[in-house]
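Have a look at the model first, then read on.

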Amino acid sequence: MNFTNHGRIGKHTSAARQRITHQQRQQTDRLSRVQSQTYQAKHAHYEHTDTHLGGSDGPQTIETVRQFSAPPRPPQQLNANLASDPNTHILVLWHIAQHIPRLRKWVIANSTADAQLLEYIAQQGGPGVEQAFEALFSSMK
């Protein structure tokens, strides 16, 4: 075995380890920056405010208050008004047609219901569906 080559291999291995360690540190730094930016983006909707009240002793700091930009929307009530409203999203209409047979007749009355949705309702049937289709077809004459 040639010890000279072994010494060179050791130097190359050491240099490679240093490069890998340096690369690992860079990746860790990048990951930390990304995590920090993600955290900041997630929490950007909070406003941190200190409230100061003036009294006889001067201003007093109450604790920091987080205020949400807006509360979440309440859940939609699935009813005849929603099923027949032209502003109701098509996916909501599909949900109604698939899961609430008693409201299918009102989906038929919705002007935004497309042909596929109406075909589905016609195939599934339900209370008042035939009469709703008769009313729809008579209105088209």
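**Helix packing at a glance**

In this predicted model, the buried residues of α5 pack against α3 (90-99), α4 (104-108) and α6 (129-139). The notes below take α5, then α3, then the chain as a whole.

**Helix α5**
- α5 spans residues 115-124, and its buried residues are Leu 117, Leu 118, Tyr 120 and Ile 121.
- Those four sit on the same side of α5, because they cover an arc of only 155° around the axis.
- As a reminder, an α-helix has 3.6 residues a turn, so residues three or four places apart point the same way.

**Helix α3**
- Val 92, Leu 93, Ile 96 and Ala 97 are the ones to look for here: they are buried in α3.
- Their arc around the axis is only 140°, which puts them on the same side of α3.
- Leu 91 and His 99 are exposed on the other side of α3.
- The cover over the buried residues of α3 includes α2 (80-84), α4 and α5.

**The whole chain**
- The chain has six helices and four strands, running α-β-β-β-β-α-α-α-α-α from the N terminus.
- Of its 141 residues, 17% are buried.
- Take the contacts between residues at least 6 apart in sequence: 27% of them join residues at least 24 apart.
- Accessible surface comes to about 11,400 Å², with 53% of that belonging to carbon and sulfur atoms.

How values were computed. Residues numbered from 1 in each chain as written. Predicted model: local features only at pLDDT ≥ 70, side-chain atom pairs only at ≥ 80, totals over all residues. Heavy atoms only, no water. Buried < 20%, exposed > 50% of the residue type's maximum accessible area, 1.4 Å probe, protein only. Helix = DSSP H or I, 4+ residues; strand = E, 2+ residues; numbered from the N terminus. Arc of directions from axis to C-beta. Contact = heavy atoms within 4.5 Å. Areas by Shrake-Rupley, 256 points an atom, 1.4 Å probe, with all protein chains shown as cover.
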